[in-house]
Amino acid sequence: MPYLNVQLTNARLHRTVSAWLVGLSIASALTVLGGNAAQAQTQPRTAVEAAPQAVPGFWDPRRRPDRPDMSRLTVIRFLTETDYPPFNFTGPDGNPAGFNVDLARALCDEIKISCTIQMRRFETLVDAITSNRGDAIIASMAVTPALRARLDFTDPYYRAPARFVSRRDAVMPEIRPEYLEGKKVGVIAGTSHEAYLKAMFTDAEIKSYPNDDALRLALRRSEVDFIFGDAISLAFWINGTDSAECCAFSGGPFVESRYFGEGIGIAVRKGNDLLRTSLNWALFRIWEKGRFTDLWLRYFSISPF
């Protein structure tokens, strides 16, 4: 379906560096919560702040991966994107920085192997890896059937869920289709989010907008009751200066893979099972030790989950 490739294919989460810096400054104040998204009450109510959400964890502690024989690994050449904060950006010292970069370094530390991290334009990454100019892509790359035909992927290390946002005086702890009957819900035209609303929230009045700015302005002006879209992008907007503290998440995350993708993984060349399984093992270990949670909270002061 063509709409599945709109916006989410490459996990391009349109937000600004300034919004990220505001969010980063208060990250240390958050409390780490266990499990999945917080359970909501069964009835909607208004004028109540939504419950804080959990730090995401995509690993099952009952399915501990075996440690592979990594003796043949001598170096991992990571490739990442040039300018996609807070996931990838150039630090003050001129070196690669960001969530993906710090995660790559943590993986290398866990595997106890030397690594290099090279920044490239996003559209050149796949060709670079397939032509052996790197070993692994860690650049917020969404796993899609088209990319699976060219690359192998680790298990997802995060997802790009969808969520509703309302004005702060109208927050609902849970959202179901029947709760939004007759409500005006804004969404960006032509996206998987719009397709999901039209399929699942048939009794809502769906209003489509051309871009993020128009969508968010409509909510600030109370032209719509809710907006629906990419939760990571919306989390940065909520916590940034552009929102003027107008709004907050309502309800929990929506993660249906048919509409919102399989998740974000680390890409390796086809058939490189040793590197793929080694990275999967290291991802699990980092999560098990709490290092993934620490890293997540350092960069995401408002959880999208």
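Let me start with one residue. A195 is buried, at a relative accessible area of 17%. The cut-off for buried is under 20%, so A195 falls inside it. Keep in mind that this is a predicted model.

Where does A195 lie? In helix α5. Which residues of α5 are buried? S192, H193, E194, A195, Y196 and L197. Several elements cover them. Among the strands there are β7 (162-167), β8 (184-188) and β9 (205-209). β10 (226-230) and β11 (247-254) are also part of the cover, and so is helix α8 (257-260). A195 and Y259 are 64 residues apart in sequence, yet their C-alpha atoms are 7.8 Å apart in space.

Now step back to the whole chain. It has 305 residues, and 51% of them count as buried. There are 10 helices and 12 strands. Take the contacts with a separation of 6 or more. Of these, 76% join residues 24 or more positions apart.

Next, the cores. In soluble globular proteins, nonpolar side chains tend to be buried together. Here the largest nonpolar core has 39 residues. Which ones have the most contacts inside it? F78, F99, L103, L107, Y157, I266 and L279. Seven elements are listed as giving two or more residues: β1 (75-81), α2 (99-111), β5 (136-142), α7 (231-239), β12 (264-269), α9 (273-288) and α10 (291-299). The largest share, eight residues, comes from α9.

Look at L103 in particular. Setting aside neighbours within four places in sequence, L103 touches I138, Y157, L283, I286, F292 and L295. Apart from this core lies another one, of 18 residues, including M172, Y179, V187 and L197.

From α2, the contact uses L103, A106, L107, E110 and I111. From α9, it uses S278, L279, W281, A282, L283, R285 and I286. What classes do these residues belong to? Nine are nonpolar, one is polar and two are charged.

The second pair is α6 (residues 212-220) and α7. Here the axes come within 13 Å, with a crossing angle of roughly 50 degrees. That makes α6 and α7 oblique to each other. The crossing is right-handed. R216, L219 and R220 in α6 meet S233, L234 and W237 in α7. By class, this contact has three nonpolar residues, one polar and two charged.

Last, some backbone details. Most residues other than glycine have a negative phi, and most peptide bonds are trans.

First, P85 and P86 are joined by a cis peptide bond, with omega about 5 degrees. P86 sits in the loop between β1 and β2 (89-90).

Second, S222. Its phi is positive, near 60 degrees. S222 belongs to the loop between α6 and β10.

Third, A244. Its phi is positive too, near 55 degrees. A244 is in the loop between α7 and β11. At 47% relative accessibility, A244 also counts as partly exposed.

Technical notes: Residues numbered from 1 in each chain as written. Predicted model: local features only at pLDDT ≥ 70, side-chain atom pairs only at ≥ 80, totals over all residues. Heavy atoms only, no water. Core = buried A, V, L, I, M, F, W, Y, C linked by side-chain atoms within 4.5 Å. Buried < 20%, exposed > 50% of the residue type's maximum accessible area, 1.4 Å probe, protein only. Helix = DSSP H or I, 4+ residues; strand = E, 2+ residues; numbered from the N terminus. Contact = heavy atoms within 4.5 Å. Axes fitted to C-alpha atoms, helices over the stretch in contact; angles between N-to-C directions. Parallel < 35°, antiparallel > 145°, perpendicular 65-115°, else oblique. Left-handed = near helix turned anticlockwise from the far one by under 90°. Nonpolar A, V, L, I, M, F, W, Y, C, P; charged D, E, K, R; others polar.
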